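Me: I would like a close look at a single part of this model, with the cut-offs spelled out as you go.

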Amino acid sequence: MVNVSTDTWVKAPGADKSSHHANAKIASNVSEVLAKKGIERPVIIGVAADSGCGKSTFLRRVTGIFGTEVSKTHTPVGNFISVICLDDYHLHDRMGRREARVTALDEAANNFELMASQIQALREGKSIMKPIYNHETGEIDECELVEPNHIIVIEGLHPMYDTRVKKSLDFSVYLDLADEVKIAWKIQRDMAERGHSLENILASIESRKPDFAQFVDPQKRDCDVVMEILPTRLIPDDDEKKVLRVRLLQDENSENFDPIFLYDEGSTIDWVPCGRKLTCSYPGIKFHYGPDTYYDKEVAVFEVDGGFEKLDEMVYVETHIERAGTKFFGEITQSLLRNPTAPGSKNGTGLIQVIMAMMMRSVYEKVTGKPVAVSGN
């Protein structure tokens with residue numbers, strides 16, 4: 001498909017760092033799209049996580065909260081939201097990384113100057129011609145046109161790593177999986193969907209650990225919200241790691257959102273719901289809320305340990321969650337019901353993903369001063 005644009009173009013800063021990026025450009029003018037869509041300034045949201053940590057499922061929940069469909073193209077685009085994968089700013093193709101002996105997580109394998117210049121341009125309402133990293137072939141394809149939108153989500157390994165990119169963000173999310181859970185998820189995805197052998201998957205995980213610790217993991221310290229996915233505490237010496245404990249860590253001093261709470265803001269609450277109102281199989285479910293410290297900053301913690309059986313009964317829990325940004329009674333439950341077979345729908349993963357998606361909506365409304373219209377039940 002040929003991209004058509006009325007913009008005039010200049011070479012993007014950083015385009016000369018790789019021959020693969022030589023055609024990367026930034027429009028010299030503000031895009032006509034802003035006037036057509038009534039956009040004053042795009043809201044930029046960063047979602048950071050390692051490969052195989054559930055970004056795709058989370059972003060599907062985000063588009064659902066905004067009531068928008070997105071295209072099934074390399075860069076998903078909808079009437080309201082566009083999603084940019086930051087793998088597109090890899091300096092090398094797959095073969096080039098092998099020759100250079102670097103992983104995709106390494107700072108040296110990514111073009112942060114180009115990334116920063118193009119994300120800032122989108123924030124300013126300008127279109128970009130962005131490179132494409134082809135995950136199927138491992139090659140870097142010709143540039144594609146990306147126009148401004150109401151919300152632009154940048155997702156990948158490094159949305160908060162570079163200071164210039166980080167300054168462009170209005171809201172930041174980090175998906176943090178415990179090693180045991182990450183390995184199980186990655187094996188399931190890469191064996192079932194990509195045909196990789198178990199031996200190759202485990203070798204890949206081990207080879208990535210040092211660079212993950214150096215270049216990816218530190219980003220969570222300064223995020224607005226962190227979702228931790230951990231093994232349960234409800235089963236002593238649990239070996240299967242199928243039951244999850246999911247924690248939402250919310251920066252108490254974040255500028256653009258207010259943390260959710262359970263029952264009473266600032267208190268410490270441990271709650272086991274009534275079994276007649278929320279059906280659960282072994283080992284049951286337990287909620288926790290309270291203040292804590294995370295890397296020397298004050299956070300509000302909302303935690304779900306265990307799972308439940310019937311999605312429609314989640315409305316019972318929803319009535320006790322305050323300041324979630326819902327537009328109507330039962331909206332969280334309805335959002336879960338919209339994707340009943342999605343991973344995590346019957347444990348804290350799906351619930352907290354929906355809550356974070358609603359936080360994004362609240363951030364958009366606060367930054368722009370414009371309400372997001374939703375359809376009720």
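Which helices do the buried residues of α9 pack against?

Reply: This is a predicted model, in which local features need pLDDT of at least 70, side-chain atom pairs count only at pLDDT 80 or more, and totals for chains, interfaces and linings use all residues. Residues are numbered from 1 along each chain as its sequence is written, and side-chain values use heavy atoms, with hydrogens and water left out.

The buried residues of α9 pack against α2 (55–65), α8 (314–318) and α10 (348–368), where contact means heavy atoms within 4.5 Å. Helices (H or I, at least four residues) and strands (E, at least two) are DSSP runs, numbered from the N terminus. Helix α9 itself covers residues 331–338, and its buried residues are Glu331, Ile332, Thr333, Ser335 and Leu336; buried means under 20% relative accessible area, exposed over 50%, and partly exposed in between, with a 1.4 Å probe and protein chains only.

Turning to the pair α9 and α10, their axes come within 10 Å and cross at roughly 115°, the axes being lines fitted to C-alpha atoms, for helices over the stretch in contact, with angles that run from 0 to 180 degrees between N-to-C directions. In this contact, Glu331, Ile332, Ser335 and Leu336 of α9 meet Gly350, Leu351, Val354, Ile355, Met358 and Arg361 of α10. The residues of the contact divide into six nonpolar, two polar and two charged, with Ala, Val, Leu, Ile, Met, Phe, Trp, Tyr, Cys and Pro counted as nonpolar, Asp, Glu, Lys and Arg as charged, and the others, Gly among them, as polar.

The loop that lies between β15 (321–322) and α9 holds Arg323, which forms a salt bridge with Glu265, the closest N and O atoms being 2.7 Å apart; a salt bridge is a side-chain nitrogen of Lys or Arg within 4 Å of a carboxyl oxygen of Asp or Glu. Because Glu265 lies in the loop between β11 (261–262) and β12 (269–271), the pair ties together parts that are 58 residues apart in sequence. Arg323 is partly exposed, at a relative accessible area of 36%, and Glu265 is likewise partly exposed, at 42%. Salt bridges that share partners also join Glu228, Arg245, Arg247 and Glu303 into one network, and a search of the whole structure finds 19 salt bridges.
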